[in-house]
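Colleague: Before we discuss the model, could you please show it to me?

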Amino acid sequence: MMHMTESLTVTEISVPKVPTLPDAQTVTAVTHWTDRLFSFRVSRPQSLRFRSGEFVMIGLMGENGKPLLRAYSIASPSWDEELEFYSIKVQDGPLTSKLQHIEPGDQIILRPKPVGTLVLDALLPGKRLWFFATGTGLAPFASLMRDPETYERYDEVIMMHTCRDVAELEYGRQLVESLPEDPLIGEFVAGKLRYYPTTTREDSAQMGRITDNLTSGKVFADLGIAPINPETDRGMVCGSLDLNTDMKTVLEGFGLREGANSDPAEYVVEKAFVG
Ligand SMILES: Cc1cc2nc3c(=O)[nH]c(=O)nc-3n(C[C@H](O)[C@H](O)[C@H](O)COP(=O)(O)OP(=O)(O)OC[C@H]3O[C@@H](n4cnc5c(N)ncnc54)[C@H](O)[C@@H]3O)c2cc1C
């Protein structure tokens, strides 16, 4: 009698091929902050190097079998083992109507080609660095606020973040408040990071638009600091097209000039979304 294994050939026992997603990364954590905002962490491709403040394309496989990708700022710092993102939930948005349902263990697509203008190299040296963000525009600064290089280059870092409601500030507030105690970077941050959150709709301790609080001088009075000066101050802006346009006027009114990776100057701007 023929032995069972002798009748088997390699082709007869071949394993069916499981299709693998190109550039797939695994979701490790998801936090829902409001019905419009969530953050999540994913595994980091070993080859991915980026500068804090840059963005990448991420997404999900569409129903037509093609990747559905959108630009996302990396919210984690360049030294982190994982990648963090801070996201809007647009109820009829092609990507985020689905992305908001991801859970740990799920896979997303991540193209490992980081780019962007909100990088320390695009600014000339200075003493004070201002981060100006509305909504999810906080994301690139969540990265830069956790990068020791930010504090090596500047004596003082001021994070201005504006949302409509108090709950929408919470991701940023918890991050900023935890940093001085952080075992890895607390020693760089402590005493250097100032936080100026405001709301525009719901009543809170500090209210108003970033542009108004700068032009009225309220933020300087509240923080007990000198107004923005091109000799000492540098700025990074991330918000809606309207915020970015208005902030250019305000910062140029203080004498700052727009810079770029190839031509560093006193401030840089990036869109938080295309709207
Ligand atoms: C350089 C860059 C970086 C970005 N980084 C982030 C990020 O870190 N986090 C993030 O959530 N989004 C970010 N975006 C926006 C992101 O690319 C998508 O637009 C967003 O994920 C919604 O995708 P969607 O397919 O669901 O809807 P889309 O069709 O892309 O957008 C639908 C509409 O929703 C509104 N919208 C989109 N994104 C936002 C937002 N973030 N805040 C408020 N309104 C919005 C706009 O009015 C837009 O026209 C970034 C965009 C750019 C250009």
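Colleague: How do the residues lining the largest pocket divide into nonpolar, polar and charged?

Modeller: This is a predicted model, in which local features need pLDDT of at least 70, side-chain atom pairs count only at 80 or more, and totals for chains, interfaces and linings use all residues. Side-chain values use heavy atoms, without hydrogens and water, and residues are numbered from 1 along each chain as its sequence is written. Counting Ala, Val, Leu, Ile, Met, Phe, Trp, Tyr, Cys and Pro as nonpolar, Asp, Glu, Lys and Arg as charged, and the others, Gly among them, as polar, the lining holds 16 nonpolar, 12 polar and 9 charged residues.

Colleague: Which strand gives the most to this lining?

Modeller: Strands (E, at least two residues) and helices (H or I, at least four) are DSSP runs numbered from the N terminus. Among the elements that each supply at least two lining residues are helix 6 (210-215), strand 5 (82-88) and strand 4 (67-73). With 4 residues, the largest contribution comes from strand 4.

Colleague: Which strands stand at the edges of the open sheet?

Modeller: The sheet has 5 strands in the order 9-8-7-10-11, with parallel pairing (at least two DSSP bridges between two strands). Two of these strands have a single partner each, so one side of each is left without a neighbour in the sheet: strand 9 (193-199) and strand 11 (267-271).

Colleague: Which residue stands opposite Cys163?

Modeller: Strand 8 (residues 156-163) pairs with strand 9 in the parallel sense over 7 bridges. In strand 9, the residue opposite Cys163 is Thr199.
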